[in-house]
Amino acid sequence: MSCAPLRPRKKEEDECRNIGLGAMGLPMSRNMVLRGQDVVGFDLAPERVLTAAEVGVTSAGSLEALMAACDVVLACLPTDESVVALVHDLCPYARAGQLLVVTGTHSLAVMSTVDRLFHAAGASVVDAPVVFGGTNADNGTACVVARRH
């Protein structure tokens with residue numbers, strides 16, 4: 001797998017923060033890098049962070065650092081439990097005006113909980129599950145269906 005080199009950042013919109021560098025998050029991050037975005041990522045599994053670095057993703061180092069450095073965060077996590085745990089971990093660092101975009105497929109009850117927790121910090125949540133994932137995430141043709149809570 002090869003990646004185009006990172007180009008100099010032209011504007012703030014060219015930078016992306018991704019949490020979850022696994023089966024869906026890694027290919028999505030790689031495709032963002034290939035399209036010229038500077039991607040900063042975080043994952044609990046150190047081996048995933050190393051694999052992401054091989055395709056041009058910069059490690060955030062910590063959730064606190066990631067949250068301090070951006071206004072929009074993408075979260076691509078596989079289970080309801082993992083996204084709720086993440087939001088509990090993120091809430092101490094969330095701030096007014098920040099946006100969490102959840103790209104996994106999670107239940108309405110879980111997304112309502114996520115929204116309630118994040119909203120209490122003055123931040124917002126968008127439920128944007130990736131549709132037609134897997135191969136399409138890998139080749140850059142996946143799409144999302146988004147809804148703001």
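Reader: Why is cysteine 16 called buried?

Author: Cysteine 16 has a relative accessible area of 9%, and buried means under 20% relative accessible area, exposed over 50% and partly exposed in between, with a 1.4 Å probe and protein chains only. Cysteine 16 is therefore buried. The model is predicted: local features need pLDDT of at least 70, side-chain atom pairs count only at pLDDT 80 or more, and totals for chains, interfaces and linings use all residues. Residues are numbered from 1 along each chain as its sequence is written, and side-chain values use heavy atoms, with hydrogens and water left out.

Reader: How do you know that cysteine 16 is in no disulfide?

Author: A disulfide is a pair of cysteine sulfur atoms within 2.5 Å. By this rule the count comes to 0 disulfides. For cysteine 16, the nearest cysteine sulfur belongs to cysteine 70 and is 8.6 Å away.

Reader: Why is threonine 103 called buried, and what is it in contact with?

Author: The relative accessible area of threonine 103 is 7%, so this residue is buried. Threonine 103 lies in the loop between β5 and α5; helices (H or I, at least four residues) and strands (E, at least two) are DSSP runs, numbered from the N terminus. Neighbours within four places in sequence aside, threonine 103 is in contact (heavy atoms within 4.5 Å) with Met28, Ala75, Cys76, Ala128, Pro129 and Val130.

Reader: What makes aspartate 89 partly exposed?

Author: Its relative accessible area is 44%, and therefore aspartate 89 counts as partly exposed. Aspartate 89 belongs to helix α4. Aspartate 89 and glutamate 64 are 25 residues apart in sequence, and their C-alpha atoms are 9.1 Å apart in space.

Reader: How do you know that the buried residues of α4 line one face of the helix?

Author: The buried residues in α4 are Val83, Leu86, Val87 and Leu90. Seen down the axis of α4, they fall within an arc of 95°, so they line one face of the helix; the arc is that of the directions from the helix axis to the C-beta atoms. These buried residues pack against β1, α3, β4, β5 and α5.

Reader: What makes β4 a partner of β1 and of β5?

Author: Two strands pair if DSSP finds at least two bridges between them. Strand β1 (residues 15-19) is joined to β4 (residues 72-75) by 3 bridges, and β4 is joined to β5 (residues 99-102) by 4 bridges. Both pairs run parallel. Isoleucine 19 has alanine 75 as its bridge partner in β4, while leucine 74 has valine 101 as its bridge partner in β5.

Reader: Why is the unit of β4, α4 and β5 called right-handed?

Author: A crossover is right-handed if, with the strands pointing away from the viewer, the path from the first strand over the helix to the second runs clockwise. β4, helix α4 (residues 80-90) and β5 make a right-handed β-α-β unit.

Reader: What makes a set of residues a nonpolar core, and which residues of the largest one touch the most other members?

Author: A nonpolar core is a set of buried Ala, Val, Leu, Ile, Met, Phe, Trp, Tyr and Cys residues joined through side-chain atoms within 4.5 Å. In the largest core, of 25 residues, Ile19, Leu66, Leu90, Leu100, Val114 and Phe118 touch the most other members. The largest share of this core, 5 residues, comes from α5. Apart from it lies another core, of 14 residues, among them Leu26, Val39, Val49 and Ala128.
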